[in-house]
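Visitor: Could you take me through one part of this structure up close? I'd like to start from the pocket and follow whatever lines it.

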Amino acid sequence: MSAIRPLWLLAILVGATVAGWIAQRLTSANGLPAPVLHWTSLITMGAGALVTLGFGLRVLRYRQGKLKRRLDPIQAARTLVLAQATAYAGAMIAGWHTGIVIDLTSATGGRNPSVDASLAMIAAAAIMVMVGWAVEQFCRLPPDDPSAPDATGRDREENEGYAAGTS
């Protein structure tokens, strides 16, 4: 499994910003309210981040040897997937609301309830990205000892770059 790529997060953020800006332009042109998530979404975003962090802390405790029982590898993999999903969803939500804030502040020049709600969503989404990034780091395995012999009995340095120690 590959790690979270910061450029992907940035691309999602920029793409969602453009989409949010376009959606806000279209809704305001048709006399509709801003397409901002409701305040109660903060509860859901916070709960998702807390659940992700809770699972991540369990993996971290296992890696540090503080967990008394064995951690199921499937649970660790699911925690990693959840962490990545949390980070990507946070980037999407932050981008969407950034686009809305850009349009609303350029159109009205001041603050209104939709701008306040969007800023709160951006802050919560940034926390989601940070939690996802941190939990992904918790799930990383320590690097293998390059001087330890592998399954063939040869040093890893001899086999580096080769699959299953074939020459």
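Guide: Here's a walk from the largest pocket to helix 3 and its packing. This is a predicted model, where local features need pLDDT of at least 70, side-chain atom pairs count only at pLDDT 80 or more, and totals for chains, interfaces and linings use all residues. Residues are numbered from 1 along each chain as its sequence is written, and side-chain values use heavy atoms, leaving out hydrogens and water.

The largest pocket has a volume of about 200 Å³ (a pocket is an open set of points on a 1 Å grid over the protein atoms alone, where a 1.4 Å probe fits, with protein on both sides within 12 Å along at least five of seven lines; lining residues have an atom within 4 Å of a point; the volume is the space filled by probe spheres set on the points, joined across faces, edges and corners). Among its lining residues are Tyr62, Arg63, Asp72, Pro73 and Cys139. By class, the lining has nine nonpolar, no polar and three charged residues (Ala, Val, Leu, Ile, Met, Phe, Trp, Tyr, Cys and Pro are nonpolar; Asp, Glu, Lys and Arg charged; the others, Gly among them, polar).

Helix 2 (41-63) and helix 3 (73-108) each give at least two lining residues, and helix 3 has the largest share, four (helices are DSSP runs of H or I, at least four residues, numbered from the N terminus). After helix 3 comes Gly109, with a positive phi near 75°.
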